[in-house]
Amino acid sequence: MKQVHVLYFTLSMLIVSCDSKYFKKSDGVNINITFPDSGNSKNLDGRLLLIFSDNDEKEPRFQVTAELKAQPVFGMNVNDVSPNSTIPFDNKAFGFPYKNLSDIKAGDYFVQAVFHVYETFNLSTGHTVQLPMDNGEGQQWNRFPGNLYSTPFKITITENGMEALDIVLDQVIPPIEAPKDTAWIKHIKMKSELLSRFWGRDIYLGAHVLLPKGFNDHPEAKYPLMVFQGHFPTDFGGFRTTAPDPDLEPDYSDRFDVKGYNIMQQQEAYDFYKHWNEPDFPRFLVIEIQHPTPYYDDSYAVNSASQGPYGDALTYELIPHIEELFRGQGEGWSRFLYGGSTGGWEALAVQVKYPDEYNGCFAACPDPIDFRAYCLTNIYEDDNAYYADSKHKIIEVPAHRDYLGNISSTVKENNHLELVLGDKSRSGGQYDIWEATYSPQGEDGYPKRLWDKYSGDIDHDVAEFWKENYDLRHILERDWSKLGPNLKGKIHIYCGDMDNYYLNNAVYLMEDFLESTTDPYYDGEVDYGDRAEHCWNGDQENPNHISRLRYNSMYVPKIMKRIMESAPKDADLTSWRYK
């Protein structure tokens, strides 16, 4: 950040000569991006992002958000760009929170460009699409190995005009080192035949496996399996064999208003290690699975038109493979699903989609499980997702709040930021992955939009497809006569009543259905945390910032109770219950 450049935007109609280095507002900004020769002779396709930040606390690429601290970002597609070439940044490129480059407020900024590289996939559906293939980072464009980016430098935007600016993509994000096996945690990777056929190239699934105490000393033992669902895990989280680092400098968590949260995290991880070794703690295999797709950091663990058969690949390929390697029981009565947020939806969805293959799900703060409450939108009855229905007022629909109801972003803002980061559901953002998972495939091979990304107008034909295939409450109600007997006692849902993303609204609707069922009664659990925000998981005794660190142990008593009540008569209930 040592170089200082001056960039002038013409915010008033400034009259200058044609040979001047300054340009009228109507001419737009004059920014050129140079792609270096990185030794790869292939031409590149991808998304070019231009980012401004009004501070240097972090690189601009790490300050892109839809929340109150949002910094300006603009995006454009680039196709077939050759090494050592220079291209102009499109003056009409869509941006957020400013729609156009000429709208940015005057002031000092740090500027950076990032090129998110796409690959070409020839799908089994006959379509050809360009998408970013995960490279071990969990679909994070600002940390994506192989992406090009520029060294940030300081500029000044004034009200007098602008000076031409040249930016060189002089940096490449390096590969991510794979985690190493330990005595307790093993890492596996396997090729999925189902997914490889769909994507037209080799696709791999992975997992981090936590072994029980005494695994090597008890070769006769076969273990039940706990499957933790959630965002891409770089390694097994929340397990630490040593006490917290005494030299660790306490940090501050804005989210929880807690000082020293990093120390608390290490302490909770160490406490779990100690619990894991207690004589009476049940012996389980616990896995965190890796299933990123070219659309997101995980697949949502179900089959879908645009992402392929991830549900079948996980349930029928990956999990049996893990059970074979690490002596799992390998039967439905011994498998349990749990997770929060994305993982909460996945836990419930996988249980519903594969009712005989799992014996219980513990779904915390799940993504919308009833699309009549798709956060604050009813996708079946509302005409627009961005604005409340009113003849004479314009009110944007909120997307994020705190536990007191203070709003920090709207649905429109979140979607417009995603539209900047990537069109055709390629942003790697939350609304785009819901489309990539739930929508039918369009004629171009990409997911059909649930709503127009710019205007928010809802396509009710797409909404009906979502309803019949992924609205979990609707599916349960429609198919309860068939599903009910296989799901009795297996459904457990937890949510804070002040969830940041309004996810509790869909849980209320699901609870209404579940409690009204009598043939059979669902015989599970739905519980709420008073004033609890996102990721509340059923702990009524501890604050959210602590209970969210205890996923791996807090459901074990409920799982043990379920096993004792539901395991078949010939089930192995002894080999894994050693001291």
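Predicted model: local features only at pLDDT ≥ 70, side-chain atom pairs only at ≥ 80, totals over all residues.
Helix α6, which spans residues 430-438, is mostly covered, with eight of its nine residues buried. The buried residues are Y431, D432, I433, W434, E435, A436, T437 and Y438. The elements that cover them include β18 (303-304), α4 (342-353), β22 (398-401), α5 (411-421) and α7 (460-470).

One of these neighbours, α5, can be examined in detail. The axes of α5 and α6 come within 8 Å and cross at roughly 75 degrees. An angle of 65 to 115 degrees counts as roughly perpendicular, and α5 and α6 are therefore roughly perpendicular to each other. On the α5 side, the residues that meet α6 are V411, N414, N415 and E418; on the α6 side, they are Q430, Y431 and D432. By class, this contact of α5 with α6 contains two nonpolar, three polar and two charged residues. An α-helix has 3.6 residues a turn, so residues three or four places apart point the same way.

The angle between α4 and α8 is about 55 degrees, and their axes are 10 Å apart. The two helices α4 and α8 are therefore oblique to each other. From α4, the contact is made by W345, L348, A349, Q351, V352 and K353, and from α8 by L472, I475, L476, L483 and L487. The residues of the contact of α4 with α8 divide into nine nonpolar, one polar and one charged.

A pair of aromatic rings is described by the distance of the centres and the angle of the planes. The model has 44 aromatic pairs. One of them joins F52 and F74 in an edge-to-face arrangement, 6.1 Å centre to centre and with 85 degrees between the planes. This pair links distant parts of the chain, since F52 lies in strand β2 (residues 44-53) and F74 in strand β3 (residues 73-81), 22 residues apart. F52 counts as buried because its relative accessibility is 0%. F74 is likewise buried, with a relative accessible area of 0%.

Another pair, F284 with W576, is tilted: the centres are 5.9 Å apart and the planes 45 degrees apart. This pair also links distant parts of the chain, with F284 in the loop between α2 (261-276) and β17 (285-290) and W576 in the segment after α12 (556-566), 292 residues apart. Both F284 and W576 are buried.

Aromatic residues also gather into a cluster formed by Y296, Y300, W345, F371, Y374, Y386, Y431, W434, Y438, W451, W466 and Y470. Among its members, Y431, W434 and Y438 are buried residues of α6, and W345 takes part in the contact of α4 with α8.

D452 is located in the loop between α6 and α7. D452 counts as partly exposed because its relative accessibility is 39%. The C-alpha atoms of D452 and S409 are separated by 19 Å, and these residues are 43 residues apart along the chain.

Charged side chains lie over aromatic rings as well. K189 is placed over the face of Y204, at 5.0 Å from the ring centre. For R327, the charged end sits over the ring of F215, 4.1 Å from its centre.

The backbone has features of its own. Most residues other than glycine have a negative phi, and most peptide bonds are trans. A cis peptide bond joins F96 and P97, with omega about -5 degrees, and P97 lies in the loop between β5 (94-96) and β6 (107-122). Another cis peptide bond joins D519 and P520, with omega about 0 degrees; P520 is in the loop between α9 (504-516) and β25 (525-529).

D80 counts as exposed because its relative accessibility is 56%. Phi of D257 is near 55 degrees, and D257 is found in the loop between β15 (252-253) and β16 (258-259). At 56% relative accessibility, D257 counts as exposed.

Key: Residues numbered from 1 in each chain as written. Heavy atoms only, no water. Buried < 20%, exposed > 50% of the residue type's maximum accessible area, 1.4 Å probe, protein only. Helix = DSSP H or I, 4+ residues; strand = E, 2+ residues; numbered from the N terminus. Contact = heavy atoms within 4.5 Å. Axes fitted to C-alpha atoms, helices over the stretch in contact; angles between N-to-C directions. Parallel < 35°, antiparallel > 145°, perpendicular 65-115°, else oblique. Nonpolar A, V, L, I, M, F, W, Y, C, P; charged D, E, K, R; others polar. Phe/Tyr/Trp six-rings, centres within 6.5 Å; stacked < 30°, edge-to-face > 60°. Lys NZ or Arg CZ within 6 Å of the ring centre and 35° of its normal.
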